[in-house]
Amino acid sequence: MEPGHDAAGHAHAHAHAHGPAAPVSRHLRKVIAAVLIPFATAVVVGLAVLWPGGAPAHERTGVGFDRQTEQGKVVSVERVDCKDVNAAQVPPTGDTSTPQGREAVNARQGQCAKATIEVTSGADRGRTFVEIVQPDAPRQLSEGQGVIVAYAPDAPRDLQYSVTDVDRKFPMMLLAGIFALAVVLVGRLRGLMALIALAVSFLVLTLFILPAILQGSNPLVVAVVGASAIMLIALYMCHGLSARTSVAVLGTLISLLLIGLLGSLFIGWASLSGNTDDNTGLIHGLYPDIDMSGLLLAGVIIGSLGVLDDVTVTQTSAVWELHQADPRMGPRALYRAGIRIGRDHIASVVNTLVLAYAGAALPLLLLFSIAQSSVGTVANSELVAVEIVRTLVGSIGLVASVPLTTALAALVVSADRPGAPGSPGGPGAAGAPAGRPAKGGRRRRAK
């Protein structure tokens, strides 16, 4: 071999060593397609069969979130004596040893805020009403502030409108814009595709999963079909239509099935009803046919999907890069090297999941701490037991996804036929050892 040709071959191999992983053989692509195409077809059929066509209508109860709301604006705020605006209330007993007594006394002491609110949307646009805010209320109003007002058509005219929340749309939209800008600036095209996939995921959630559950479809079946659709769209859109992404899809699918089975078993065994607070109680009251424990299981599956995607894609990419760095590694060596990377990932991901659920349930845990309840009593209550089962079932699925996806990736990437065009080790392979000419190379030099 001529020195110049050898150097060029070495440079060619080195240049590709840092690029995208070499594709698998056509034979393996056919095998992966034979598994994924029926699965994708089943998901599409499931979407078509279960498609709800919108949430069912119902008569508003006026309770909680089930209220008619309009936009409003604080026109003016003046300070008044609380005694003057609370004269119609039951006089306090003066006993401040109970929380009720202290609240009654505080309601008649200090300076209250008398806010004039203008309705800025709906049929009563331009109408004003008065809202009294206690001095110790967690939400205070200021002039010019946007608010959300609830409308009760059956109440007396003076009591039809009341402030339920502040309007925080602008800061939320600004924060979302900063997030999108950061993702696109750092991730570039991948970041843009990730944002599009995120939007599609929300569309599937709002147009399919939620209305289908409200229509009375089985929440578990709806969650599996919806989560599978989100997984296929998000992974292929963000990471491309490749064998590597397909292996991550398979690993995610099997892990989701494991989470579904474990969740179904332990939610039933622990007698978790899923009806744990005012919101779930309102849902059950409005739609009594909804299986609340199935809804809980659906939440576990959908909540685990996002972290599962991260784990399976990372493990698959790690195995592909290891194989590209050393094409001579067999499936066992690839698995051992990949699982070492996965163990670090397991530790961080499980900790992230547990802390995410603990952070969401922090006010609840604080209440139990105030009540000085024992750990056993806290864990046994359904409010906390739901979060424990959700966290542990999701974590088991995440932990299992690491060896599962690593093994799948190692088997697939090392099972290529050596002579297959475009496969590692085949003609023109990116991972071919330096200095070893492709088939037919000597013939070209002999001509």
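**Exercise 1. Cysteine 238**

Find which residues cysteine 238 is in contact with, leaving aside its neighbours within four places in sequence.

Solution. Step 1: apply the cut-off, heavy atoms within 4.5 Å. Step 2: list the partners, which are Arg190, Met193, Ala194 and Ala197. Step 3: take one of them, alanine 197, 41 residues apart from cysteine 238 along the chain; the two C-alpha atoms are separated by 7.2 Å. Helices are DSSP runs of H or I with at least four residues, strands are runs of E with at least two, and both are numbered from the N terminus. Step 5: classify. Cysteine 238 counts as buried because its relative accessibility is 15%. Buried means under 20% relative accessible area, exposed over 50%, and partly exposed in between (1.4 Å probe, protein chains only).

Ground rules for this predicted model: local features need pLDDT of at least 70, side-chain atom pairs count only at pLDDT 80 or more, and totals for chains, interfaces and linings use all residues. Residues are numbered from 1 along each chain as its sequence is written, and side-chain values use heavy atoms, with hydrogens and water left out.

**Exercise 2. The sheet**

Solution. Step 1: pair strands when DSSP finds at least two bridges between them. Step 2: strand 1 (residues 68-81) joins strand 2 (residues 111-119) through nine bridges, antiparallel. Lysine 73 has glutamate 118 of strand 2 as its bridge partner. Step 3: strand 2 also pairs with strand 3 (residues 128-133), antiparallel, over six bridges. Here alanine 115 stands opposite glutamate 131, and lysine 114 stands opposite isoleucine 132.

**Exercise 3. Leucine 192**

Decide whether leucine 192 counts as buried, partly exposed or exposed.

Solution. Step 1: locate leucine 192 in helix 5 (residues 169-214). Step 2: read its relative accessibility, 38%; leucine 192 therefore counts as partly exposed.
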